[in-house]
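Hello,

Here is the structure you asked about. Please open it alongside this email; my notes follow.

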Amino acid sequence: MTLVTDVALRRVLDSRGNATVEADVHTESGGFGRAKAPSGASTGEYEAIELPASEAIASAREEAVPRLVGEVYAGDQREVDAALHAADGTDDFSQIGANSAVAISMAAAKAGADVAGLPLFQHLGGTFRGNTFPTPLGNAIGGGEHAADATDIQEFLAAPVGAPSVEEAVFANAAVHGEVADILDDRGVPCGKGDEGAWAPSIDDAAAFEIMAEAVETVGDDVGFEIRFGLDMAGAELYDDEEDGYVYGERVRDTEEQIEYVADLVDEYDLVYVEDPLDENDYEAFADLTDRVGDRTLVCGDDLFVTNVERLETGIEEGAANSILVKPNQIGTLSDAVDAVELAVENGYDQVISHRSGETEDTTIAHLAVATDAPYIKTGAVGGERTAKLNELIRIEHNA
Ligand code: PGA
Ligand code: ZN
């Protein structure tokens with residue numbers, strides 16, 4: 001019933017106005033799935049390769065589509081994803097593009113769910129899933145590679161850890177985002193937004209910490225549950241080989257100082273989450289920091305692990321981090337992403353399912369988070385391509 005009968009690929013817009021890949025998968029019995037690839041700006045060195053959309057589409061039409069149509073069942077995700085790997089023939093999807101691969105992989109999953117008559121999270125996760133919901137991490141202030149002339153740290157993330165429901169958590173994050181704007185306004189700081197919809201004021205990191213602390217406290221008092229905050233430091237972007245350290249404007253911190261700085265921030269601001277605090281090649285420094293603060297905060301590897309089982313294995317051996325960011329397009333298929341989640345969970349790591357800075361209205365990651373019982377999802381706070389996922393989570397919670 002779920003034999004793939006057609007795969008259509010096209011160029012569509014992403015939230016930055018760039019071209020990305022959209023895939024439609026049709027099945028024998030009339031099943032249909034459509035998905036779009038997201039795209040990073042602060043991409044990890046070890047990610048699967050995103051090709052220009054037209055190139056990825058042309059190559060996938062030639063190499064992958066013939067191996068799918070009439071050959072594989074959309075309901076068998078492993079088979080679909082194995083066919084994508086076989087069609088590509090490299091270990092980083094540099095032939096058909098990770099953007100084509102992930103769009104097809106996710107579209108096939110949706111077609112499989114459609115035929116089965118199941119919500120996507122249940123098709124992916126099984127019948128016992130759908131009762132636990134991730135805490136959304138909401139990007140409220142940001143800079144780095146996502147906005148010019150703003151904070152050095154890439155993301156300041158609201159974390160409504162005490163929220164009684166996804167719905168309340170989503171609204172709390174939006175309220176923190178709004179409160180940050182009010183505080184900036186009071187201080188006379190003008191600002192626009194970065195790629196993920198976070199405020200991107202021209203302030204230093206110290207001011208951003210003050211503002212976040214105030215905003216989560218104010219909103220927390222208002223809603224009556226605990227809201228904390230966390231960071232994505234995008235350490236690989238801060239790290240400069242030639243300086244042999246982490247560059248914050250005029251100031252450079254060497255690795256030891258960076259570890260010390262982050263550990264102090266965790267304690268001073270009671271941070272619940274610190275993503276990529278160190279360079280993507282420095283497992284050892286990740287391990288040192290995890291040793292120091294891993295009992296009281298999530299140390300999460302994004303560019304460090306790139307959703308890659310082998311890199312996660314190294315991390316587990318070395319005690320680097322205690323959490324992994326999961327972005328399906330970093331590795332190219334849903335099966336590979338779920339493999340990373342399973343290895344993480346077996347080893348006591350928390351998985352955080354994540355969007356990219358370049359996004360679309362695709363909602364697959366909301367379902368993946370519920371399907372894998374993820375404790376956290378990182379998918380922004382406001383903006384249509386972000387609210388697409390947040391509103392989908394609310395719908396899943398309401399069984400709608
Ligand atoms: P990216 O940023 O999508 O630009 O890579 C998001 C992140 O670093 O988590
Ligand atoms: Zn990151």
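**Helix packing**

Helix α14 crosses helix α15 in a right-handed sense. Bear in mind that this is a predicted model. The two helices, α14 (residues 364–371) and α15 (residues 384–397), pack at an angle of about 45 degrees. Their axes are 8 Å apart. On the α14 side, the contact uses I365, A366, H367 and V370. On the α15 side, K389, E392, L393 and I396 take part.

Domain 1 puts 33 residues into the contact, and domain 2 puts in 31 residues.

**Nonpolar cores**

The largest nonpolar core has 113 residues. Within this core, V176, V180 and M212 touch the most other members. Helix α4 (residues 98–116) is the top contributor, with eleven residues. Where does this core lie relative to domain 1 and domain 2? Both domains give residues to the core, so it lies between them.

Take a look at V180. Leaving aside neighbours within four places in sequence, V180 is in contact with A140, I141, W199, I211, M212 and A215. Another core, of ten residues, lies apart from the largest one. Its members include L137, L157, V272 and Y273.

Best wishes

Definitions and conventions:
Residues numbered from 1 in each chain as written. Chains lettered and ligands numbered in written order. Predicted model: local features only at pLDDT ≥ 70, side-chain atom pairs only at ≥ 80, totals over all residues. Heavy atoms only, no water. Core = buried A, V, L, I, M, F, W, Y, C linked by side-chain atoms within 4.5 Å. Buried < 20%, exposed > 50% of the residue type's maximum accessible area, 1.4 Å probe, protein only. Helix = DSSP H or I, 4+ residues; strand = E, 2+ residues; numbered from the N terminus. Domains from an automatic or database assignment. Contact = heavy atoms within 4.5 Å. Axes fitted to C-alpha atoms, helices over the stretch in contact; angles between N-to-C directions. Left-handed = near helix turned anticlockwise from the far one by under 90°.
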